[in-house]
Amino acid sequence: MSFNTFGHLFRFTSFGESHGAAIGCVVDGCPPRIPITAEEIQRDLDKRRPGQSRFTTQRQEPDAVKILSGVFTDEATGLQVTTGTPIMLLIENVDQRSKDYSDIKDKYRPGHAGYVYDVKYGITDYRGGGRSSARETAARVAAGALARKVVPGMSVRAALVQIGPHKIDRSRWDWNEVDNNPFFCPDPVQAKFYEQYLDGVRKSGSSIGAVIEVVADGVPAGLGAPVYGKLDAEIAAALMSINAVKGVEIGDGFETATMSGEDNADEMQMGNANKPVFLSNHAGGILGGISTGQQIVARFAVKPTSSILTPKRTVDRYGNNTEIMTKGRHDPCVGIRAVPIAEAMLACVLADHYLMHRGQVGEGVAWPFEKR
Ligand SMILES: Cc1cc2nc3c(=O)[nH]c(=O)nc-3n(C[C@H](O)[C@H](O)[C@H](O)COP(=O)(O)O)c2cc1C
């Protein structure tokens, strides 16, 4: 299977499957002398880790990361830093229960990847979905912890903004609330509602979709390249590559179809420090595929988990009609654990484009230009 590598200059290749010995990635192209510890990477992984509340899968995967290469102690500071060589990050798989899948080994889960893997490769690792399992996303989160440190002063945060038809009230948005509830929800009132709502979904053995919003602050203007390396296109591809994502929007996204040119115009005025300020951000911080220096804003929808207890019609590998119900330990709403994955993917895209920008234009141009 090819295409396991993400990025151009900041690149990582992930490996491993749900019920194999380990998963992880090799990060290549990370600049040297960036301080990094396993504990820092672990902090991000712990956000994605399952079994932390009754609203995510009860699989107990500690996701303990080991840095196997590419770091060394800087004599001047005593800190562990990157050396500019490949950084291998390894996470062992310790909570596999392959027997959960023995009943459905030959049957295709509607909405899961087993059928297409079989059609394409003639073999599929049915245990936990094999390579199609979202366990692979732990590798992305580990790489993302490094990517966050590549762009000086950048911070990337994500939050869950909708479960099923129930959106948050954006006037109550408080970033401090995101880590105070099991949903990574910035609206504390809606987070309370999600508790009883998702309890109902979970107890009935069903599942539900969600929307996640991810924003990056401190991104310099100028990242991204016309025409085939547009920053928005690369962000969309990176977010779309997350398991179960079925729609991505940048800035006001699909809402812009309902807006007039006047409503959508992000007007500009000269601000302090001889720099322009934008009076709004409908564009999500990107114009012409290039970052404006504003907040980068993206949103994506994840579908409901396909593994549900309700019997559904399907076929087996041998061409027979049959029924399937999926027991085992599944996320009733995969959107919750997608929050740290979203942060990681956006950080990786921005780190990649930061390095490409630096490679092509160095320090950049001195704007505004003098009148001739
Ligand atoms: C964080 C996360 C956890 C997931 N957990 C499950 C799960 O427990 N059971 C399941 O059937 N699918 C789960 N998925 C979704 C599947 O991995 C995904 O639907 C499947 O690989 C098919 O790919 P597609 O939905 O992108 O087409 C999860 C996705 C994410 C992002």
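This report covers a sheet, a glutamate, a pocket and a cavity in a predicted model.

## Basis

Residue numbers start from 1 along each chain as its sequence is written, and side-chain values use heavy atoms, with hydrogens and water left out. Because the model is predicted, local features need pLDDT of at least 70 and side-chain atom pairs count only at pLDDT 80 or more, while totals for chains, interfaces and linings use all residues.

## The open sheet

An open sheet is formed by 5 strands in the order β1-β2-β3-β7-β4, with antiparallel pairing. Its edge strands, β1 (5–6) and β4 (65–67), each pair on one side only. Helix α1 (residues 38–48) packs on the sheet and touches β4 and β7 (87–92), and its direction makes about 150° with that of β4. Strands (E, at least two residues) and helices (H or I, at least four) are DSSP runs numbered from the N terminus; two strands pair if DSSP finds at least two bridges between them. Contact means heavy atoms within 4.5 Å. Axes are lines fitted to C-alpha atoms, for helices over the stretch in contact, and angles run from 0 to 180 degrees between N-to-C directions.

Within the sheet, strands β2 (residues 11–15) and β3 (residues 22–28) run antiparallel and are joined by 5 bridges. Arginine 11 stands opposite aspartate 28 in β3.

## Glutamate 249

Strand β11 (residues 245–250) contains glutamate 249. The side chain of glutamate 249 makes a polar contact with the side chain of arginine 299 at 2.5 Å, and reaches the backbone nitrogen of phenylalanine 254 at 3.0 Å. A polar contact is a pair of N or O atoms within 3.5 Å; within protein, one must be able to donate a hydrogen and the other to accept it, and residues adjacent in sequence count only if both atoms are side-chain atoms.

## Pocket and cavity

The second largest pocket holds about 1,100 Å³ of space. Among its 32 lining residues, Pro220, Ala221, Gly222, Ser291 and His357 lie nearest its centre. Helix α7 supplies the largest share of the lining, 7 residues.

Of its 18 lining residues, Lys107, Arg109, Gly114, Thr124 and Tyr126 are the closest to its centre. On a 1 Å grid over the protein atoms alone, a cavity is a set of points where a 1.4 Å probe fits but cannot get out, and a pocket is an open set with protein on both sides within 12 Å along at least five of seven lines; lining residues have an atom within 4 Å of a point. Grid points are joined across faces, edges and corners, and a volume is the space filled by probe spheres set on the points.
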